[in-house]
Amino acid sequence: MKVSNSKLLGFLVFFFFYHCQAFPQYKFVVKEVPYTRLCSTKNILTVNGQFPGPTLYVNKGDTIVVDVYNRGKYNITIHWHGVLQPRNPWSDGPEHITQCAIQPGAKFRQKIIFTTEEGTLWWHAHSTWLRTTVHGALIIYPKTGTSYPFPKPDAEIPIILGDWWKEDIMELYQILERNGDEIQFNSEAFLINGQPGDLCPCSKPETFRLKVNRGLTYLLRIVNSILVDSLFFSVANHTVTVVGSDASYLKPFKTSFIFIPAGQTVDVLLEANQSPNHYYMAASVYSIRDIDDYDNSTTTAIVEYNGNYTPSSPPVFPYLPSHSDTTAALNFTASLRSLADKEHPVDVPMEINTHLFYTLSINAPCKNHSCPDGKIRTLASVNNISFINPSIDILQAYYCCIHGVYGTTFPDFPQLWFDFAAEVYPMDWEIPQLGTEVKMLDYNSTVELVFQGTNLLRGSDHPMHLHGYHFYVVGLGMGNFDKDKDPLMYNLVDPPLKNTIHVPKIGWVAIRFKAKNPGVWYMHCHFDHHMVWGMDTVFIVKDGESPEAKMLPPPPDMPPC
């Protein structure tokens with residue numbers, strides 16, 4: 001392993017910068033504590049004993065330091081979902097990609113650099129399936145002296161949508177990692193701020209209650225932290241005004257429900273303008289799977305008006321779309337538009353020099369979906385390559401010029417073109433290649449990436465998340481992407497700026513971004529079983545010419561591999 005003198009000098013400068021500057025500091029102690037849900041108690045992994053974990057509050061442009069102490073029994077990493085981390089992939093967090101895990105008994109200091117983000121993001125574990133209980137909200141207020149682009153709400157409330165598993169989540173993960181078995185991965189209940197709600201057994205006393213005063217407005221900062229599901233969310237008898245998503249402001253619009261895919265955040269204004277009463281706040285699954293193959297529970301909380309009155313019993317229940325209402329999900333996503341005003345301009349790349357087309361598929365490793373040992377297994381892929389985790393992290397290998405860890409031949413386009421929406425395929429098409437391949441991007445290149453969902457092995461939808469970047473969603477639709485017709489309908493005026501986007505089954509989404517953040521950046525499906533099966537890949541954005549366009553050196557306490 002060779003490290004140049006310039007890199008050594010950079011390391012020494014960064015050591016001083018990293019450890020001697022005064023930034024706000026936070027302490028995350030990862031440890032197991034007992035929690036009781038659904039009539040039984042079990043130990044779960046938490047941060048600082050809290051479930052959900054602590055909410056962090058910062059202002060736009062801040063930098064903070066988080067010391068992560070692993071007092072649990074599993075290796076762990078922490079990811080700051082949606083934070084761009086300019087030139088600093090070292091603190092991004094995904095295991096095998098930008099770091100090796102923090103081992104039990106060890107500590108790692110992460111420096112979190114905020115720039116243009118403003119609104120709601122979240123943080124979570126990014127190793128195995130520990131994020132089921134290791135997660136929390138991340139609130140980014142406007143810069144001091146500036147304000148929201150809407151009337152200031154009277155109060156702000158994080159609403160974290162989660163899930164509860166009676167099984168040991170690591171045992172399920174190990175089964176999936178070992179066998180890739182297509183077994184039932186359904187949680188026992190969805191949660192609102194850690195509670196299943198009073199429709200679930202042994203849950204009524206702890207149901208989350210949002211107490212409101214009639215005539216006031218409340219900003220709900222909603223996070224979907226769920227492992228393998230997207231949700232519809234609604235408040236009975238109330239419309240909400242959507243004002244932001246993924247820490248980017250939107251043109252406000254009113255709606256009776258929202259659609260929030262796994263990994264996304266949505267900010268809404270709730271006006272307490274109804275007759276004093278108790279109203280259910282509820283969330284239920286969106287899924288194209290068979291009814292026995294997903295969690296069909298509904299989680300509830302109660303919006304409780306203050307005052308003297310006799311409330312309805314039970315509380316008024318909201319409208320929620322049916323579990324398979326793809327039209328409702330797609331129409332909600334298509335309604336998102338950036339503010340695109342003087343204070344919040346858009347910068348959509350117009351001249352594209354890097355065109356990418358990535359198919360997203362569920363696959364089988366063997367013909368007939370059954371391998372020689374008789375076990376049924378499942379894989380997933382991007383452009384028919386199922387990602388294999390490397391032995392050391394890709395960032396370390398790239399920075400230190402360690403060969404043999406990854407390849408650089410990830411294809412720009414699928415090697416096989418076919419009708420991605422067809423019902424029947426040759427079985428050979430279901431079998432992907434296995435590999436650890438990355439896509440290299442030149443600094444400042446302008447990228448258009450079209451995600452295409454396929455119907456291989458019954459198909460699925462996919463919430464795709466890109467680390468280190470926000471991207472403009474310029475188009476989406478159902479069926480096969482038409483390279484001649486569909487770009488004519490792109491929204492290049494006020495497309496939403498996102499870090500996670502829902503790609504529908506046998507549908508497509510087109511995104512654009514400028515590769516101006518050098519480093520190693522993960523891209524993956526935020527359904528964690530799809531990620532384990534191999535629906536992930538990596539972008540490596542090369543350094544630019546100026547010092548401000550080069551990746552920072554590593555901090556001194558990177559966890560060893």
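Is Phe 51 buried or exposed? In this predicted model, Phe 51 counts as buried, at 8% relative accessibility.

**Figure 1. The aromatic pair of Phe 51 and Trp 164.** In the predicted model, the count of aromatic pairs comes to 31. One of them joins Phe 51 and Trp 164 in a tilted arrangement, with 6.0 Å from centre to centre and 55° between the planes. Phe 51 belongs to the loop between strand E2 (40-47) and strand E3 (56-59), while Trp 164 belongs to strand E9 (residues 155-164), so the contact ties together parts that are 113 residues apart in sequence. Trp 164 has a relative accessible area of 2% and is therefore buried, since the cut-off is under 20%.

**Figure 2. The edge-to-face pair of Phe 418 and Phe 420.** The ring centres of Phe 418 and Phe 420 are 4.7 Å apart; their planes meet at 65°, so the pair is edge-to-face. Phe 418 is buried with a relative accessible area of 16%, and Phe 420 is likewise buried, at 3%.

**Figure 3. An aromatic cluster that includes Phe 418 and Phe 420.** One aromatic cluster is formed by Phe 357, Trp 417, Phe 418, Phe 420, Tyr 425, Trp 429, Phe 481 and Trp 508.

**Figure 4. Lysine charges over aromatic rings.** The ring of Tyr 69 has the charged end of Lys 27 over it, 5.1 Å from the ring centre.

Terms used: Residues numbered from 1 in each chain as written. Predicted model: local features only at pLDDT ≥ 70, side-chain atom pairs only at ≥ 80, totals over all residues. Heavy atoms only, no water. Phe/Tyr/Trp six-rings, centres within 6.5 Å; stacked < 30°, edge-to-face > 60°. Helix = DSSP H or I, 4+ residues; strand = E, 2+ residues; numbered from the N terminus. Buried < 20%, exposed > 50% of the residue type's maximum accessible area, 1.4 Å probe, protein only. Lys NZ or Arg CZ within 6 Å of the ring centre and 35° of its normal.
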